[in-house]
Amino acid sequence: MQYSEIMIRYGELSTKGKNRMRFINKLKKNIQDVLSIYPQVQVMADRDRAHVYLHGADYQPVAESLKQVFGIQNFSPSYRIEKSRAALIEAVSQLMPTIYQEGMTFKISSRRSDHSFELDSRELNQTLGDTVFRTLPYAKVQMKKPDLELRVEIREEAAYLSYETVKGAGGLPVGSSGKGMLMLSGGIDSPVAGYLALKRGVEIEAVHFASPPYTSPGALKKAQDLARKLTKFGGNIQFIEVPFTEIQEEIKNKTPEAYLMTLTRRFMMRITDRIREERAGLVIINGESLGQVASQTLESMQAINAVTTTPVIRPVVTMDKLEIIEIAEKIDTFELSIQPFEDCCTIFAPDRPKTNPKIKNVEQYEKRLDIEGLVERAVAGIKISEITPQVQSDEVDDLIEGLL
């Protein structure tokens with residue numbers, strides 16, 4: 001017997017009342033995006049649960065993808081069975097010897113949405129329970145917290161059997177809480193911040209600052225690869241590359257070295273906010289952790305934030321580095337983040353950056369710069385690309401073979 005579908009149960013969506021279907025439809029789209037690398041798979045969703053029909057696709061890689069999708073509480077792979085008493089008895093007698101071990105307890109749980117079926121839920125439980133005892137005379141039944149629960153569902157089109165329950169990622173469907181602009185560097189912290197924002201339903205667009213020739217094509221690709229790592233949690237991500245060379249050279253040539261980092265971050269914030277406004281984002285998200293570097297003291301954050309009234313979300317602000325690394329390893333971004341490519345925040349970095357910048361001093365130094373012109377040219381020069389989930393090499397081989 002091969003799995004024919006995966007039945008998905010929702011998490012926090014059960015509390016969404018009249019907005020429930022909006023959340024469910026967003027989750028359905030996210031699942032479709034994440035599973036787009038399996039062209040034969042079909043996704044359906046209703047108020048109570050969603051269904052992923054495999055149509056011959058290998059269950060295991062599909063399940064691994066589903067484990068990452070926010071908004072899923074848990075899911076169960078299921079066998080499709082002909083909707084008849086005889087077919088169900090035959091399926092249970094074949095399945096139970098392969099999954100039941102002596103000493104375990106079991107329970108049959110039936111659910112009948114097709115009320116025209118010949119047996120009601122109580123009769124199904126009794127009939128299939130008797131089948132188990134005839135097949136496995138030593139089997140033990142237990143109604144509360146059994147070792148094995150065999151679930152039977154009778155629907156309009158067919159009957160389904162399942163016994164596994166796989167934990168999902170929880171959280172909210174990506175996009176159900178609006179859109180934010182993630183300031184994505186090549187470091188450890190910002191991908192983790194993006195992941196945590198995604199978990200609370202925020203759709204992210206990744207804003208990356210590039211300063212060629214000081215930053216290399218390898219650094220740009222690294223940032224794009226980090227964004228791709230995040231697509232497995234909710235689907236495609238828009239990647240926005242910002243040309244930043246002119247601004248960094250102007251700051252370096254015309255302002256005191258100690259304020260270079262503060263001024264650089266203020267420009268990044270201005271540009272990200274301008275892009276957010278043009279692309280209908282609601283918030284800015286970054287990977288700042290309090291006290292980790294000179295630009296992440298409260299005084300520095302205040303000086304940098306002063307250029308915008310847009311909410312700035314800092315999901316990792318209270319975490320120490322080890323906590324952030326633990327999440328980075330969990331979401332598979334850590335090894336990529338520590339690759340030795342430079343980014344905008346490290347070039348021209350002063351030996352003694354100001355940890356307590358005064359806003360009046362910052363504003364005085366900025367008078368030496370054409371702020372509006374620099375921001376306008378940077379925003380006009382952005383390049384936008386779409387980052388999609390990556391197909392693993394063995395999946396590529398399977399897809400190619402299927403096309404031949």
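Select His208, Phe209, Ala210, Thr215, Ser216, Ala219, Leu220, Glu342, Asp343 and Cys344 to display the lining of the largest cavity. A cavity is, on a 1 Å grid over the protein atoms alone, a set of points where a 1.4 Å probe fits but cannot get out, and lining residues have an atom within 4 Å of a point. This is a predicted model, in which local features need pLDDT of at least 70 and side-chain atom pairs count only at pLDDT 80 or more, whereas totals for chains, interfaces and linings use all residues. Residues are numbered from 1 along each chain as its sequence is written, and side-chain values use heavy atoms, with hydrogens and water left out.

Next, colour β11 and α6 (217–231), the elements that give two or more residues to the lining of the largest cavity; helices (H or I, at least four residues) and strands (E, at least two) are DSSP runs, numbered from the N terminus. The largest share, three residues, comes from β11. The volume of the largest cavity is about 50 Å³, a volume being the space filled by probe spheres set on grid points that are joined across faces, edges and corners. Its lining comprises five nonpolar, three polar and two charged residues, where Ala, Val, Leu, Ile, Met, Phe, Trp, Tyr, Cys and Pro count as nonpolar, Asp, Glu, Lys and Arg as charged, and the others, Gly among them, as polar.

The structure holds two cavities of 30 Å³ or more.

Proceed to the largest pocket, which holds about 650 Å³ of space. Of its 30 lining residues, select the closest to the centre: Ser185, Arg265, Gln296, Asp343 and Cys345. Then highlight α5 (189–199), β11 (203–210) and α8 (260–278), the elements that give two or more residues to this lining. A pocket is an open set with protein on both sides within 12 Å along at least five of seven lines. By class, the pocket lining has 15 nonpolar, 10 polar and five charged residues.

Finally, select Val141 in strand β6 (residues 140–141). Val141 is partly exposed, with a relative accessible area of 45%; partly exposed lies between buried, under 20%, and exposed, over 50% (1.4 Å probe, protein chains only).
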